[in-house]
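Have the structure open as you read.

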Amino acid sequence: MVGNVAEAEDLTQEAFLQLHRKIATFRGDSAFSTWLHRLAINVVLMQLRKKGLSLISLDEAMEPAPDEGPSRSFGAPDLTLTGAIDRLALERAVADLPAGYRLIFILHDVEGFEHNEIASMLDCSIGNSKSQLHKARLKLRDALRAQTSPEERS
Amino acid sequence: MTGDPRKMSCAEFQAQLSELIGSGEDVAAHPHVQGCDRCRALLAELETIAEAARQLFPSVEPPDEVWTQIESALKQEEK
């Protein structure tokens, strides 16, 4: 989620410290695993916030500069990504996504959270979560296509 | 605003796509998609990516040092 092992380890530690501090506030309204997962994601969000990803204005923060946005490639029906996608290529492409896109993509497509859960975690609208996920997938498609050599395309 | 959605070009449809998805519309049922192989293929590719995502990032056990550090950090907190 943060794309860096050392940082992930620091955040793991921080999540356990938070757990230690907040365990008394667990009321059993949700499963403990859900509560713990949310707590861990909040630790990640705090870190992203520190690094400059404002989650208050998530729309702007996640909107990359115009030249960084997913390109709209109209057509090229011969360039399909059907069939198996190379896992490592996809992991690389995910790691290269802007932080906001990566977060939504991982929460929804990898971790399996629903858009309403993501909207509540990130304090954004459900529509925003859906459209950002779409843009993230488009950007991944562009990156995967770019990794395909011209020979393989023919 | 464009008129008949069936007459929309791929460029027009794809320019509106993230907005349509955000509004909760079933884009697969959109009249343009119904008549356009190219945009159907685009949506299929995006679904393929979403499916491939499920096999990403298998959970990784942090190394033993991380647990040792967590243990000592917790002891510090209790002091």
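Chain B has a mean pLDDT of 87, with 95% of its residues at 70 or more; pLDDT is the predictor's confidence in each residue, from 0 to 100. This is a predicted model, so local features need pLDDT of at least 70 and side-chain atom pairs count only at pLDDT 80 or more, while totals for chains, interfaces and linings use all residues. As for bookkeeping, residues are numbered from 1 along each chain as its sequence is written, and chains are lettered from A and ligands numbered from 1 in the order in which they are written. For the complex, the predictor gives an ipTM of 0.76 and a pTM of 0.73.

Chain A averages a pLDDT of 77, and 76% of its residues score at least 70. A contact here means two residues whose C-beta atoms, placed from the backbone, lie within 7 Å.

What is chain A built from? Its secondary structure comes to eight helices and zero strands. Helices (H or I, at least four residues) and strands (E, at least two) are DSSP runs, numbered from the N terminus. Buried residues make up 26% of the 154 residues in chain A; buried means 20 or more other C-beta atoms within 10 Å of a residue's own, exposed means 12 or fewer, and partly exposed is in between, with C-beta atoms placed from the backbone.

A:K139 sits in helix α7 (residues 126-147) of chain A, and it counts as buried because 23 other C-beta atoms lie within 10 Å. A:H37 belongs to helix α2 (residues 32-50) of chain A, and it is partly exposed because it has 17 C-beta neighbours inside 10 Å. A:H37 and A:A15 are 22 residues apart in sequence and 9.5 Å apart in space, C-alpha to C-alpha.

Now for the meeting of the chains. The contact takes 32 residues from chain B and 31 residues from chain A. On chain B, α1 (10-22), α3 (37-53) and α4 (64-78) each supply at least two residues of the side that touches chain A, and α3(B) gives the most, with 11 residues. That side of chain B has 19 nonpolar, eight polar and five charged residues. Here Ala, Val, Leu, Ile, Met, Phe, Trp, Tyr, Cys and Pro count as nonpolar, Asp, Glu, Lys and Arg as charged, and the others, Gly among them, as polar.

Zoom in on one helix pair. The axes of helix α1 (residues 5-22) of chain A and α4(B) come within 10 Å and cross at roughly 35 degrees; axes are lines fitted to C-alpha atoms, for helices over the stretch in contact, and angles run from 0 to 180 degrees between N-to-C directions. Among the residues making this contact are A:F16 and A:L17 of α1(A) and B:I70 and B:L74 of α4(B). The residues of this contact divide into six nonpolar, four polar and two charged. Within α4(B), one of its 15 residues is buried, so this helix is hardly covered.
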